[in-house]
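Student: I have not looked at this structure before. Please take me through it by question and answer.

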Amino acid sequence: MDKFLELALVNYIRNHDEISDKIDKCYDTLVDELRKLLSKDVCDNLEDCQSNAMYLAGLAGMELAIGVMNGTIEQKIEA
């Protein structure tokens with residue numbers, strides 16, 4: 001199931017450039033500041049981590065949504 005969700009997420013992001021652009025814009029600001037302090041190799045690794053983090057967050061969100069829809073996860077809304 002995770003592979004299916006990952007493919008669905010990747011396809012969605014590819015078809016909605018504005019999402020990827022917004023994520024990149026936020027992350028680029030952070031990496032630009034870190035480049036002043038850290039080596040190029042470290043910053044390049046951070047960019048790889050950004051892609052992985054985006055997919056993991058997307059998959060977690062999709063799994064949560066599916067769980068809520070099929071009743072295996074109950075939401076608790078706190079006021």
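The turns below go from the overall fold to surface patches and salt bridges.

Tutor: This is a predicted model, where local features need pLDDT of at least 70 and side-chain atom pairs count only at pLDDT 80 or more, while totals for chains, interfaces and linings use all residues. Residues are numbered from 1 along each chain as its sequence is written, and side-chain values use heavy atoms, with hydrogens and water left out.

Student: Which pattern does the chain follow along the sequence?

Tutor: Helices (H or I, at least four residues) and strands (E, at least two) are DSSP runs, numbered from the N terminus. The chain has three helices and zero strands. Read along the sequence, the pattern is α-α-α.

Student: Is the chain spread out or compact, and what is its radius of gyration?

Tutor: The radius of gyration is taken over C-alpha atoms, and the globule rule is 2.2 Å times the number of residues to the power 0.38. For 79 residues that rule gives 12 Å, and the chain is well over this, so it is more spread out than a compact globule; its radius of gyration is 16 Å.

Student: What percentage of the 79 residues is buried?

Tutor: Buried means under 20% relative accessible area, exposed means over 50%, and partly exposed lies in between (1.4 Å probe, protein chains only). By that cut-off, the buried share of the 79 residues is 15%.

Student: Which residues form the nonpolar patch on the surface?

Tutor: Patches are made of residues with over 30% relative accessible area and no salt bridge; like charges are joined within 9 Å, and nonpolar side chains (Val, Leu, Ile, Met, Phe, Trp, Tyr) within 5 Å. One member, L38, lies in the loop between helix 2 (17-35) and helix 3 (40-70), and L38 is partly exposed at 37% relative accessible area. The accessible area of the patch, by the Shrake-Rupley method with a 1.4 Å probe and only the protein chains shown as cover, is about 280 Å² together. The patch is formed by L37, L38 and V42.

Student: How far apart are the closest N and O atoms in the salt bridge of K3 with E6?

Tutor: A salt bridge is a side-chain nitrogen of Lys or Arg within 4 Å of a carboxyl oxygen of Asp or Glu. K3 and E6 both lie in helix 1 (residues 2-14), three residues apart, about one turn of the helix. K3 is exposed at 54% relative accessibility, whereas E6 is partly exposed at 27%. Their closest N and O atoms are apart by 3.9 Å.

Student: Which residue meets E33 in a salt bridge?

Tutor: By the same rule the count comes to two salt bridges. In this one, the N to O distance is 3.1 Å.

Student: What separates the C-alpha atoms of L56 and E6?

Tutor: L56 has its place in helix 3 and is exposed, with a relative accessible area of 59%. L56 and E6 are 50 residues apart along the chain, and their C-alpha atoms are separated by 8.6 Å.
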